[in-house]
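Subject: Structure handover

Hello,

Here is the structure I said I would pass on. Please open it and keep it in view while you read the notes that follow.

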Amino acid sequence: MPAPNPLPMHESEADPTMPPAALETVLERFQDILGEENFRLSFLHHLRYTRGKDWRSATLQDKFDSLALAVRDRVVEHMIATQQTYLSQDVRRIYYFSMEFLVGRQLLTNVHNLGIVELVRDALRHLGCEFEELAELEPDPALGNGGLGRLAACFLESLASLGYPTYGYGICYELGLFRQRFEKGRQVETPDDWLSQGYPWLLPRPERRVACPILGRVTHDEKGDFRYHPRWVDYQVVYGQPWDLPVVGYGGRTVNLLRLFRACSDEPLDLDRFNQGAFVEALHRRVLSETISRVLYPVDTTDTGRRLRLQQEYFLVACGIRDIVRRYRKRHDDFESFADKVAIQLNDTHPALAVAELQRYFVDEAGLEWDDAWSIVTRTFSYTNHTLMPEALERWPADLFRETVPRHYQILEEIERRFLRDAERALGKDYAALSRLSIFEHGPQAQVRMANVAVIGSHTVNGVAAIHSRLLVERLFPDFARLWPEKFTNVTNGITPRRWLLAANPGLSELVTVRLGAGWITDLDQLRGLAASADDADLATALREVKRTNKRRLAALVARETGVELPETMLFDVQAKRLHEYKRQLLNALNIVDLYLQLRDDPALEMTPRACIFAAKAAPGYWMAKLIIQFINAVAEVVNADVRTRDRLRVAFIPDYRVTLSEILIPAADISEQISLAGTEASGTGNMKFALNGALTLGTLDGANIEIRDAVGAENMFIFGMTVEDVDALRRSGYRPGEHLARLPRLKAVFDAIEDDLFSPQERGLFRPLVDALLTGGDHYMLVADYAAYAAARERTGVVYNDTAAWHRMVVHNIAGMGFFSSDRSVRDYAERVWHLQPVQVPQTPSWE
């Protein structure tokens, strides 16, 4: 007897006695089957007609591209509906300018946010493919470097998920920052040719190409009205070719755009020179133009590198401002409503030149009076500062600036003249303060201070953590805060839970959903509901199994990439972030040497087995950071080879840190090292990602660590070291690291081992500069002063790790307390308090199933 068909194929075939709930379930399953079949057909269509392959000849790359394009088809439907809605309603939009957007792989995020993960997996399985195998072929877009770019990506995703009209503006870097590998422990940089296979998520927009004048000179036109009429002449033109990357919000209804500009030239090939054999010279002008978008952050230790960096920043803002104006002019004949329809956010100081560019456009091209134009400009811009490091604030030699963008130099001179006139009225003849407020820093080599441009041209300036915003007012911009106290505010950073928990840690996200429901995905505050289960034995068992699974996955990656075996039973102690002296990876490494020496000298010493894991890139021109990387790799080689200690201490440095690697690393961590000197880290977002995934923070009271402490409880972290006030007091009293070292015999033994070349027997004295920088170089980031507190706190992590009940309780409270650190909360704060932006409901597009 044939089995009955469980799916009614026509309404008349449905069982009239079937309960409504059961009928709804059947119909949903029917829709799933139709959707799966349609997706398979779309996939096969792209394989044959886009890639030009049949199944037998298709490579895995062909299949990945076909998969991505089949998903993109669904994205584009929502993208068009979103953009049509914005245009028809003439909505106010936020335009987010950033030199970096570290977006990570798009496939998994997009299928999650569209809600089609299982549908896509099932469709591929019916074709004999595994989703995960194809997804591994997607490159990480090389559009960023560190936390700045990852924050921008999280914000764009949250803005789309919450329905805020948004455009991101960035540069489509051809080769990104670099790919990192190690040779004899040294960092070696190679081009990150992420576009070599094409990139299916990018949509070309050749019809929106933008012309950007650069270089040249400014002349004065006489029009008989005794007024100044500047004219920018003899300039070269670089064109910005836009590529759009759709940003899918959770639920799939809103799809915003990240518009990335790639530099190109109209300079024709010089055939005469080419035919004479001068092949390179024939393409010289063209190559120079296209170099602007070749790499992220070219080394700026040379004049040519600095020139290229400045040209990149100008290129970004010139392209973006022209694109904004073009879009605004579609619906408006004048600029009276410009500041009501356009909000521009400067993500750090790099795009600050946008202030001068918009003022230049209004005055030179739109014909507005200066005061009218400036009123619009200062109601349009807002500025996020991301650093307290003076060297990280953009300063350009005045001569270089004048040569590169001569008209903008004049614009800034006039902005400064009028601003200082008004500032003197408000502050009196405080010439020291007026000098600090000035855009131009005068001295042996005049400098243009771009952070001052950003503050003067913006209606709101914010820091990115409570302590950072306080120090911004007290230390970095005290004179501006005295002049405009209402201009400064705080918006603490956040991370998107869709990528950093739902997609990156499926085991934990499923466990949370079983306990709390799926509401946490869009309302992370709901994680607070886990706190009541902090002593639940079943939850503890489930969390340990999730962590073990994640540690096994990371251990396999570490073994594959470094050859180092990491037993999952070890405490995984992780520091993963950009390599900079203030982040104090060296402090971590010095303590590892200390632990190693103790274990070597006393084999009976009780110590929790620990795997110390690093991931970081150093800027190519940052010699000391690269030496620290080499030192950590040398320590790893010695420690891992010593049979006396390797069962209790191992060290691994994973090369080429990127978003995809962090999505494996973060869920596996037991300890999150957040150990910057107090008062140096603006916020950090890695600290949030680790805590959300159940890692416990070993950290200082710096950046967002302070707010994490307030959210999860100091008893659920391992806090150590000096406060900002302690650091200030020690500097004032005269910090002498040698005096501190005299009280630290274990650290003295570490320095002796380095100076005796324990870690560089083949290259004597290689790592001595590390010791010299601490003892005779002033130890600017106070590693010696904080060492004892760090060593004690780290030892305490091992003790607590062995108390499984106590450790579990701390893990649960960390996860439960992370609701505040969602980027959804962050962008709502910006929308309500800075941008005055309203969400827009995009109509549901017809179902593609």
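This is a predicted model: local features need pLDDT of at least 70, side-chain atom pairs count only at pLDDT 80 or more; totals for chains, interfaces and linings use all residues.

**Around β9**

One of the pairs to look for is tryptophan 243, whose bridge partner in β10 is leucine 260.

β9 has other partners as well. Strand β6 (residues 210-214) runs antiparallel to β9 and is joined to it by five bridges; here isoleucine 214 stands opposite glutamine 236 of β9. Strand β5 (residues 203-204) also pairs with β9 in the antiparallel sense, over two bridges, and leucine 203 has aspartate 244 as its bridge partner in β9.

Is β9 mostly covered or mostly open? It is mostly covered, with ten of its 13 residues buried.

Three strands form an open, antiparallel sheet in the order β13-β15-β14. β13 (395-397) and β14 (440-441) are the edge strands, each pairing on one side only. Between β13 and β15 (residues 447-449) there are three bridges, again in the antiparallel sense. Proline 397 has glutamine 447 of β15 as its bridge partner.

**Cavities**

How many cavities of 30 Å³ or more does a search of the whole structure find? It finds four.

The largest cavity has a volume of about 140 Å³. It is lined by 15 residues, and those closest to its centre are Val103, Gln106, Ala153, Glu157 and Val247. β9 (236-248) comes up again here: along with α3 and α6 (147-161), it gives two or more residues to this lining. By type, the lining of the largest cavity divides into eight nonpolar, four polar and three charged residues.

The second largest cavity holds about 120 Å³ of space. Its lining includes Tyr86, Asp90, Arg93, Tyr328 and Lys341. The elements that give two or more residues to this lining are α2 (60-89), β1 (93-97) and α10 (303-329). Six residues of the lining of the second largest cavity are nonpolar, one is polar and five are charged.

Of its 31 lining residues, Leu108, His112, Arg121, Ala503 and Pro506 are the closest to the centre. Several helices supply at least two residues each to this lining, among them α4 (117-126), α20 (497-503), α21 (506-516) and α25 (659-668). Which helix gives the most to the lining of this pocket? That is α3, with five residues. The lining of the second largest pocket is made up of 15 nonpolar, six polar and ten charged residues.

**The protein as a whole**

The protein has 34 helices and 23 strands. Its radius of gyration is 29 Å, close to the 29 Å that the globule rule gives for 849 residues, so the protein is as compact as a globular protein of that length. The C-alpha trace spans about 90 × 90 × 65 Å along its principal axes. Of the 849 residues, 59% count as buried. Among contacts between residues at least 6 apart in sequence, 76% join residues at least 24 apart.

Regards

Conventions
Residues are numbered from 1 along each chain as its sequence is written. Side-chain values use heavy atoms; hydrogens and water are left out. On a 1 Å grid over the protein atoms alone, a cavity is a set of points where a 1.4 Å probe fits but cannot get out, and a pocket is an open set with protein on both sides within 12 Å along at least five of seven lines; lining residues have an atom within 4 Å of a point. Helices (H or I, at least four residues) and strands (E, at least two) are DSSP runs, numbered from the N terminus. Ala, Val, Leu, Ile, Met, Phe, Trp, Tyr, Cys and Pro count as nonpolar, Asp, Glu, Lys and Arg as charged, and the others, Gly among them, as polar. Grid points are joined across faces, edges and corners, and a volume is the space filled by probe spheres set on the points. Two strands pair if DSSP finds at least two bridges between them. The radius of gyration is taken over C-alpha atoms; the globule rule is 2.2 Å times the number of residues to the power 0.38. Buried means under 20% relative accessible area, exposed over 50%, partly exposed in between (1.4 Å probe, protein chains only). Contact means heavy atoms within 4.5 Å.
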